[in-house]
Amino acid sequence: MQATSDEVLIGRIASGDRLAMQVLYARHHVRVYRFVLRLVSDPTTAEELISEVFLDVWRQANRFEGRSAVSTWLLAIARFKALSALRRRTDEELDEEAAAAIEDPSDDPEVSLQKKDKGEILRKCLTALSPDHREIIDLVYYHEKSIEEVAEVLKIPENTVKTRMFYARKKLAELLKAAGVERGWP
Amino acid sequence: MNTMLNNAPERETIEELLPWHAAGTLSRRDAQRVEEALARDSELARRFELIREELGETIHLNESLGAPSARAMEKLFAKIEAEAPVARKASVSFNLGAWLSGFVASLSPRTLAYSATSAALAIMLLAAVTVGSLVDYSGQDNFKTVSLPGDKTYAMIRFAPETSVADITKFLEANKATVVGGPRPGGMYKIQVAESKLPKDQADALLKKLQTEGKIISFIAPSD
């Protein structure tokens, strides 16, 4: 049994097929949710946003031109929704988040070294990256997006994608160094 | 592989591609360029290993984020229901609200303890039902159901409480089985185990074989 392709599903959704919508949702909702959650850092907001993302798909399926993969299109919509939600947050909330980030134990090298778990330190540092750096690392490593696809999601040129990835990894190396893990590169 | 690339710009270009090479998303041509560079530049190879670590931990981090609750899906389809009807070529009857209500109502306190697995199975079931239905869609305004009730072989199954969704998925794939119904009282699911109706002795032998597959099945029996 061969599964129906995403592109075929989108065509059916455009003609009002709810079953196709359910299949597309079942296929992609977890990854879209995780992408959004990493940006907004709040599970309740992330859940609301994925409903909005897929509702947009339902409404705009007929505008999908097939120039990119459906999963890339979904992530681009999700990112737009997440950034809009972040902009709606009050300055007060952002201040609280900034304070929480400062208190992050990954800033304390001794505590981190005591754990002697490089993987855990690495994950903590990945969480401490800025949203811009977090999203590009997630897109490349977790969502398996090519340079062209990342450019499509982030709406930036391909060369900027490579540069931003380099700086994201550089920042990661700095955080690791602060946590006592010296890698010597980048 | 002890020499370093002499050409600095070339090395820089290759370095930039390493994250995508680790993720396997480069074109064949670029991937080959990177492979050749890695083979002759030990420092580049060391850096590639660091990138592979990052990739592994990024996946680990994302996989630990969990999944949205069923509420997100309920909310979405409630909104879709509320939308003004659009031209529908193929409208297939599937009352998601009723299905979800039934699903949640079917969760006994015992099954609630395994709610994560149950929820994941529910999604798998939904996908199985919908994908299974869609493959026979003719592309016209009708919807053909090729298979008739009773022309396949089914079983009722209960998975061991500690079984992970990954184990269940692996089991289903390995045995070409599909979840087609459930959960029912006692945490039972109906699965299709063969594409055709097997004679009783063959069906019994198949279920016996499945029973010995490992520790993930706590109960399995034939079903109509």
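1. How many helices and how many strands does chain B have? In this predicted model, chain B has nine helices and four strands. Read from the N terminus on, the elements of chain B follow the order α-α-α-α-α-α-α-β-α-β-β-α-β.

2. For chain B as a whole, 26% of the 224 residues count as buried. Among the contacts in chain B with a separation of 6 or more, 67% are accounted for by residues 24 or more positions apart.

3. Strand β1 of chain B, residues 153-159, deserves a careful look, since five of its seven residues are buried and the strand is mostly covered. β1(B) is joined by five bridges to strand β3 of chain B (residues 188-194), and these two strands run antiparallel; within this pairing, B:Tyr154 has B:Gln192 as its bridge partner in β3(B).

4. β1(B) also pairs with strand β4 of chain B (residues 217-223), again in the antiparallel sense, over six bridges. Here B:Met156 stands opposite B:Ala221 in β4(B).

5. Turning to chain A, helix α8 (residues 131-142) and helix α10 (residues 158-178) have axes that come within 9 Å and cross at roughly 110 degrees. Because angles of 65 to 115 degrees count as roughly perpendicular, α8(A) and α10(A) are therefore roughly perpendicular to each other. On the side of α8(A), the contact is made by A:His133, A:Ile136, A:Ile137 and A:Val140, while α10(A) contributes A:Arg164, A:Met165, A:Ala168 and A:Lys171. Sorted by class, this contact of α8(A) with α10(A) has five nonpolar residues, one polar residue and two charged residues.

How values were computed:
Residues numbered from 1 in each chain as written. Chains lettered and ligands numbered in written order. Predicted model: local features only at pLDDT ≥ 70, side-chain atom pairs only at ≥ 80, totals over all residues. Buried ≥ 20, exposed ≤ 12 C-beta atoms within 10 Å, placed from the backbone. Pairing = 2+ DSSP bridges. Contact = placed C-beta atoms within 7 Å. Axes fitted to C-alpha atoms, helices over the stretch in contact; angles between N-to-C directions. Parallel < 35°, antiparallel > 145°, perpendicular 65-115°, else oblique. Nonpolar A, V, L, I, M, F, W, Y, C, P; charged D, E, K, R; others polar.
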